[in-house]
Amino acid sequence: MEMSYNSTGENEFNSPQNLTVPSASSPVENSVKEPCTTPLSNDTLYSNTNSPSDSCVKPLCDAASGKKSQCNKGVKYVSAEGDKLECGWGAFTPACLQFFNTPKGVLLFLCVASFLQGMIVNGFINTVITSIERRFDLHSYQSGLIASSYDIAACVCLMFVSYFGGNGHKPRWLGWGVLIMGVGSIVFALPHFTASQYEVHFSEKTGICSSNQSTPCAERVSILSNYRFVFMLGQFLHGIGATPLYTLGVTYLDENVKSNYSPVYIAIFYTAAILGPAAGYLVGGMFLNIYTQIGKQIDLTPDNTLWVGAWWIGFLGAGAAALLTAIPILGYPRRLPGSQRYIIMRVSEAHQLKDGSQETASDPDFGKTVKDLPRSLLLLLKNPTFIFLCLAGATEATLIAGMSTFGPKFLESQYSLSASEAATLFGYLVVPAGGGGTFLGGFIVNKFKLRCSGIIKLCLLCTVTSLLAVFIFFMHCPNMPMAGVTQMYDRSILLESSLNLTAACNTECDCLREIYSPVCGSDDIMYYSACHAGCKKKSILASGKTVYLECSCILENDPTGFAQAIAGKCTSSCERRTVLLVFMFFVIFFTFLCSIPALTATLRCVSDRQRSFALGIQWIVVRTLGSIPGPIAFGSMIDLSCLVWQDQCGEQGSCYVYQNSAMSRYTLCAGIVYKVVGTVFFLLACFLYKPPPPESLPGSSDASENGNCVLQENKSSLQTQAAD
């Protein structure tokens, strides 16, 4: 008697052959000579058919036969817990949706979700934060608290979500998370619709040489700053919603594909997350060129310091897209069809503790109740490989956070660029370096089929290489000459400790220190503002450029009499520009190159049932020791190189002008310190890693990955269901 079986949800590229299964009443030894099975790490495949004569389970492959064969589409895999494997919502599981019920389908929707998360949190927020400060009268520390609300929410929720979600229905946790993230974006845009319209009051003579200029320090009462609590709520929802994405999303992908392909899937997932901020910068920058009150006629231009762009459009669009993306994610089953065999064939590479307590996590009931949480946490804390991988991840996250926050500022200062030009250039640098490095890291792990120890060595190599590239920061571009800041108005050298913006040529102009709007004079010297250059008139060219005329300070250095200034900084002619960009590319590339291998090593050095929880703990460590303090540490070091501070009515604000040589020197120090510490942590993780003994990694491990049958009796982890 022969029984045909049906299989669904294969995600590999090899085509299974036919499988013939003996009836329950016929002896195994009389069955077909080459029975086909899916290779299992426990070396056995059993049938659990509905035949009444099946009082006990029988092996489908005889270990003594020693035959090898491919596995068949004739096997239909079902969850051992009896879960539904169809894609849909409740009883609504239309056949057309089953096309997406594959790892590639899951990857598609998770990539969309991670792209939206990166675009909103790391793209739109960073792009519009200055406009929000101006629109709602916020101080820098208040906007910083808004930005930090995301990480605070994530840290609060990570342990809970990763522990209970890791043992629960992951797609539902993921779907609800994306839904909450979408709601957070809509909440973030609400102040535009509930606040009063933005009114601009300015004088045509503000910023140029004229007497009795009004000071912007007049006391005024504003309740707009209270909207910071709405922004914080939106960011808090962003943090809650994104928490499952990089913990449960990663483990759900890892569980439902062959272990060799897992790094590639995860790399594609993370690459989408890196492309999101790039899109956020580009799209957000486009929206900022539209006035915040769409359709309202105003004489301002985007170059004006009083301009506020349509910052809210991106959040509405991305929020709606997130709500739509959550719907298909909520429809996925607990595990995909055919995934059970990948779970069973997986060879454990968990770090072996001296007391053997890692076996505790192999209990199927472990981790399903809150009372197991302390014991689960203790198992992770006793794993030195996991601990040092977390610490290494924190050092890398510190560099990435500092680089993403101050990278544009570094380029802006070194190459004398505008803020938008620097952000665009940095985006062009990060997308190929970060995205390419992330994808290539996963590809290398898959291509060379690296095991846990080999992956950690790859991370160590990448960190050392990027450490060598960091030494490029010994080089720097010289500061552009700036009157009253780097040199005197008569072109004599000005000491760094002194700052003198007043000269005989602009004494009668009553220039305001609070208004910083640099201009480039026809004498190739920058001035703090057109007023400080002594310019009395201005005109706007057909190209949109603002030109200032009759500049008395420039006339002293430009005897031709053609004394004028153009709004913006003077163009830098630094010969080292290309070399600096190339080496910055390599620093970013190799930093991101080890991100997916490090994540893969984390997944493999812990027990299977602890992977989601391990990622949650790792993210807590990475955020608390890296992402949150990283920008603060880098910012504090870079602030040491400031030459001109913003004067906010007697209070020190942000830095306007940096000393380029000092900025490069401090960046070099920070890069070396964190890279050396990261190298030490990867080295310790590699040295202390203790893989399972060779007998638990049978020769069948490679066979298991390649589809060969190695069989024993009395072991069963996979069920097969007879198809009609």
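Student: How far is the sulfur of Cys462 from the closest cysteine sulfur?

Tutor: In this predicted model, the sulfur of Cys462 is 5.6 Å from the one in Cys594, which is too far for a bond. A disulfide needs the two sulfur atoms within 2.5 Å.

Student: Is Cys462 buried or exposed?

Tutor: Cys462 counts as buried, at 2% relative accessibility.

Student: And what about Cys390, which cysteine has the closest sulfur there?

Tutor: That is Cys605, at 8.0 Å, again too far for a bond. Cys390 is buried, with a relative accessible area of 2%.

Student: OK, so how many disulfides does the structure hold?

Tutor: It holds 5. One of them joins Cys505 to Cys553, with 1.9 Å from S to S. The link is right-handed, with 95 degrees about the S-S bond.

Student: Where do Cys505 and Cys553 lie?

Tutor: Cys505 is in the loop between α12 and β2, and Cys553 is in helix α13, so the pair ties together parts that are 48 residues apart in sequence. Cys505 is buried at 13% relative accessible area, and Cys553 is buried at 1%.

Student: Which cysteine is joined to Cys511?

Tutor: Cys531, with an S to S distance of 2.1 Å. The link of Cys511 and Cys531 is left-handed, with -95 degrees about the S-S bond. Cys511 sits in the loop between α12 and β2, and Cys531 in the loop between β3 and β4, 20 residues apart. Cys511 is partly exposed, with a relative accessible area of 23%, while Cys531 counts as buried at 3%.

Student: What joins strand β4 to strand β5?

Tutor: There are 5 bridges between β4 and β5, and the two strands run antiparallel. Ser539, for instance, has Val547 in β5 as its bridge partner. A disulfide also forms between Cys535 and Cys551, their sulfur atoms 1.9 Å apart. Cys535 lies in β4 and Cys551 in β5, so this pair ties together parts that are 16 residues apart in sequence. Both Cys535 and Cys551 are buried.

Student: Which residue in that hairpin takes a positive phi?

Tutor: Gly544, near 95 degrees; the hairpin has 5 residues between its strands.

Student: Switching to helices. Why does the length of α1 make sense?

Tutor: Helix α1 has 33 residues, and at 1.5 Å a residue they should span 48 Å; the end C-alpha atoms are 45 Å apart, which agrees. There is also a kink of about 45 degrees, centred on Ile129.

Student: How many residues of α1 are buried?

Tutor: 24 of its 33, so the helix is mostly covered. Helix α5 is mostly covered too, with 8 of its 8 residues buried.

Student: What comes just after α1?

Tutor: Asp137 is there, with a positive phi of about 55 degrees. Phe136 lies in the loop between α1 and α2, and Arg135 is over the face of Phe136, at 4.9 Å from the ring centre.

Student: How many aromatic pairs are there in the whole structure?

Tutor: A search finds 36. In one of them, Phe136 and Tyr227 form a tilted pair, 5.6 Å centre to centre with 55 degrees between the planes. The pair links distant parts of the chain, 91 residues apart. Phe136 is buried at 0% relative accessible area, and Tyr227 is buried at 18%.

Student: Which aromatic cluster are Phe136 and Tyr227 in?

Tutor: One that also includes Phe124, Phe188, Phe231, Trp311 and Phe315.

Definitions and conventions: Residues numbered from 1 in each chain as written. Predicted model: local features only at pLDDT ≥ 70, side-chain atom pairs only at ≥ 80, totals over all residues. Heavy atoms only, no water. Helix = DSSP H or I, 4+ residues; strand = E, 2+ residues; numbered from the N terminus. Expected span 1.5 Å × (residues − 1). Bend = angle between axes of the 7 residues up to and from the residue. Buried < 20%, exposed > 50% of the residue type's maximum accessible area, 1.4 Å probe, protein only. Phe/Tyr/Trp six-rings, centres within 6.5 Å; stacked < 30°, edge-to-face > 60°. Lys NZ or Arg CZ within 6 Å of the ring centre and 35° of its normal. Pairing = 2+ DSSP bridges.
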